[in-house]
Amino acid sequence: MNDKINIHTLQRLKRIGQKICMVTAYDATFARIFDQAGADAILVGDSLGMVVQGHDSTLRVTMDQMVYHCAAVTRGAKQAHVVGDLPFMSYQSSIHDAVKNAGRLVAEGGAASVKLEGGEEFAKTIEQIVRASIPVMGHLGLTPQSVHKMGGFVVQGRDEQTAQRIFSDAMALEQAGCYALVLEGIPLALASAITKKISIPTIGIGAGPHCDGQVLVCYDLLGMNPDFKPKFVKKYASLYDGIRQAAETFFSDVRSEAFPDEAHSFKSKPIRAVASKDNPELPSEHNEKTVYGAPV
Ligand code: KIV
């Protein structure tokens with residue numbers, strides 16, 4: 001526990017000017033890889049509704065699903081700080097629900113902090129979650145749970161009025177007790193101004209280079225979907241091609257009977273099995289048979 005990166009480590013990274021690296025993960029295998037690659041934080045994002053479940057928004061993700069994925073990720077991440085995302089309608093309906101559900105992500109999912117979307121209107125909610133000793137990461141700008149209100153996944157804060165609103169929301173969230181903020185889909189000048197103004201770290205996604213850290217959805221940075229090419233994503237691998245190629249080769253080997261070969265098969269010493277009344281499955285006493293099968 002003491003070796004883990006915590007909210008104080010992340011805040012120190014801002015103070016010393018070292019960029020924070022965050023990435024999403026939804027299972028233990030990916031979490032282990034990103035942890036070993038040096039992630040400071042792993043976000044169990046409700047983006048899983050889109051990249052894992054195949055929905056066109058994050059709105060259908062449930063609390064039970066988030067708890068399940070958080071628990072898987074925390075089993076894989078030994079060092080990185082794990083942030084659990086509060087899904088749609090798990091915190092908007094009441095402060096009571098918000099505290100209870102934040103508690104579930106920590107107590108059942110093993111997350112070390114939680115994230116929620118929204119501005120000043122959630123200040124009281126954030127205060128209460130923080131009072132329950134659960135650190136909160138805020139999320140401003142393009143907030144996917146407000147997709148219908150925004151009229152799609154649209155860059156926010158491009159005009160004076162909305163930029164001002166996001167700026168004052170950032171200050172309100174710091175005041176409410178957030179330990180860090182995700183800034184998503186906003187102009188880089190606005191992200192830069194917020195980052196300079198507040199003392200807690202900003203972690204950007206589609207918010208330019210001046211944030212204190214960056215986060216990407218892991219399936220995006222790994223190039224798992226060749227049809228998804230938003231401006232803010234850099235693909236660091238083309239795993240769609242690699243995975244598809246590997247699968248095609250496997251299927252072709254199976255069809256041609258090239259796999260499995262002897263090297264991938266178990267061998268055994270001959271096992272002499274004698275049938276008896278207790279082993280009706282086997283041949284009768286008068287009909288001894290040698291069977292093979294015990295792995296050696
Ligand atoms: O759900 C998610 O993955 C997120 C990131 C895009 C910040 O909220």
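Arginine 104 and aspartate 64 form a salt bridge, their closest N and O atoms lying 2.8 Å apart, where a salt bridge is a side-chain nitrogen of Lys or Arg within 4 Å of a carboxyl oxygen of Asp or Glu. This pair joins distant parts of the chain, since arginine 104 belongs to helix α5 (residues 95–107) and aspartate 64 to helix α4 (residues 63–76), 40 residues apart; helices here are DSSP runs of H or I with at least four residues, numbered from the N terminus. The model is a predicted one, in which local features need pLDDT of at least 70 and side-chain atom pairs count only at pLDDT 80 or more, while totals for chains, interfaces and linings use all residues. Residues are numbered from 1 along each chain as its sequence is written, and side-chain values use heavy atoms, with hydrogens and water left out.

Asp64 and Arg104 are also linked with Glu108 in a network of salt bridges, and by this rule the count comes to eight salt bridges. Another one joins arginine 165 to aspartate 169, with closest N and O atoms 3.4 Å apart, and both residues lie in helix α8, four residues apart, about one turn of the helix.

We turn now to the ligand. Among the residues that surround the ligand are Ser47, Asp85 and Lys115, each having a heavy atom within 4 Å of it. A polar side-chain atom of serine 47 lies 2.5 Å from a ligand oxygen atom, and a polar side-chain atom of lysine 115 lies 3.0 Å from an oxygen atom of the ligand; a polar contact is a pair of N or O atoms within 3.5 Å.

Technical notes
A polar contact is a pair of N or O atoms within 3.5 Å; within protein, one must be able to donate a hydrogen and the other to accept it, and residues adjacent in sequence count only if both atoms are side-chain atoms. Helices (H or I, at least four residues) and strands (E, at least two) are DSSP runs, numbered from the N terminus.
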